[in-house]
Amino acid sequence: MRVVVAGSSGLIGTALVAHLRGAGHEVLRLVRRGSAAPDERGWDPPAGTIEDGAFDGVDAVVNLNGAGIGNRPWSGARKQLIRDSRNVPTDVLATAVARHGVPVLVSGSAVGYYGDTGDHVVDESAPSGSGFLADVCRDWEAATAPAADAGVRVVLVRTGQVLSPSGGLLARLRPLFKGFLGGRIGPGTQYLPWVSLDDHVAALQFAVETGSLSGPVNVTGPVPVTNAEFTRELGQAVGRPTPFPVPAPVVTAVLGEMGRELLLSGQRAVPTALLDNGFEFRHHTVADALSAAIGT
Ligand SMILES: NC(=O)c1ccc[n+]([C@@H]2O[C@H](COP(=O)([O-])OP(=O)(O)OC[C@H]3O[C@@H](n4cnc5c(N)ncnc54)[C@H](OP(=O)(O)O)[C@@H]3O)[C@@H](O)[C@H]2O)c1
């Protein structure tokens, strides 16, 4: 298949491009500048433009754009960027996919859609929750409407924390844990939805190829864990004790709303749609995923 990937320079996009090519697909990368290589096509999301011919003969588009959610404090301007860098590219892609008759759009979202679920298990049928991230995810998903309205098969990948040593949560926590500074955050009873990078890109490929899959799809490991369980497993993976819990008031004092939503809240999300459609996880438990990522 010929697959266009937007957001291909990121943690997931880089791995996805390599994975799809390894599986025999032709991959074109959308770049937010003029194209400079044979496999690149230029686009400018704020201007609403995509290089002519970029979608000719394309079988699927994968949309992974978005400014980082957990790497800068949530000022008003940052929150606006988090929204705009998702809604605008998604709308531009969904409109172009519809116009050019591309049959499949696989579009990013996150399990933050569900808000804080406590210990309530959530599959794709669960309603959206409250909070900034839930608002962001609802709007991000809604921006795919031009494609869905045109009959395109749209898959909304509600992603958990992708575990990789190269970026995201694990790249930030690993040095702290190695330095004997690891510990559960707040009560530790909040769920921490996770998925290995290998399984995430395999799930994206599965979404591209599987005609029975459409609508929201949780991309999270099959066995959810709490923050305390994750902390214990990461401590074991790096061979360190985890003696220092971070009290919730410290998290909120230092990180404010971002800390409340990203660290003290969580989703006990399960990947029902993937499992029902026959997807097979390589990493079933967080211990498997951490050991694959860290190499223990
Ligand atoms: N990693 C996770 O744990 C995780 C969890 C849940 C959801 N997600 C979502 O999955 C998607 C990919 O995640 P990732 O970890 O690969 O993220 P990433 O490494 O931060 O990459 C995101 C990509 O988005 C593009 N981008 C960055 N700033 C942008 C802006 N201001 N406007 C438009 N595009 C911008 C860039 O691609 P180009 O320069 O190539 O355009 C960048 O490489 C994101 O939407 C993210 O929110 C990730």
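Predicted model: local features only at pLDDT ≥ 70, side-chain atom pairs only at ≥ 80, totals over all residues.
Q: Fine. How many residues are around the ligand, and which come nearest?
A: There are 21 residues around the ligand, and S9, L11, I12, R32 and R86 come nearest.

Q: Which elements supply that shell?
A: Helix 1, helix 2 (76-100), strand 6 and strand 9 each supply at least two residues. Helix 2 gives the most, with three.

Q: What polar atoms lie 2.7 Å apart at R32?
A: A polar side-chain atom of R32 and an oxygen atom of the ligand.

Q: How much of the ligand does the protein bury?
A: The protein buries 77% of the 880 Å² that the ligand exposes when taken alone.

Q: Switching to the largest nonpolar core. How many residues, and which have the most contacts inside it?
A: It has 31 residues, and V5, L16, V62, V106 and L274 have the most contacts inside it. Helix 6 gives the most to this core, with eight residues.

Q: What does V62 touch?
A: Leaving out residues up to four places away in sequence, V62 touches V3, V4, V5, A6, L16, V106 and V208.

Q: And helix 5, which residues are buried?
A: L169, L170, L173 and F177 are buried. Down the axis of helix 5 its buried residues fall within an arc of 80°, so they line one face.

Q: What do they pack against?
A: Strand 9 (161-163), helix 7 (227-238) and helix 10 (286-294).

Terms used:
Residues numbered from 1 in each chain as written. Heavy atoms only, no water. Core = buried A, V, L, I, M, F, W, Y, C linked by side-chain atoms within 4.5 Å. Buried < 20%, exposed > 50% of the residue type's maximum accessible area, 1.4 Å probe, protein only. Helix = DSSP H or I, 4+ residues; strand = E, 2+ residues; numbered from the N terminus. Contact = heavy atoms within 4.5 Å. Arc of directions from axis to C-beta. Near = heavy atom within 4 Å. Polar contact = N/O pair within 3.5 Å; in protein donor to acceptor, adjacent residues only side chain to side chain. Areas by Shrake-Rupley, 256 points an atom, 1.4 Å probe, with all protein chains shown as cover.
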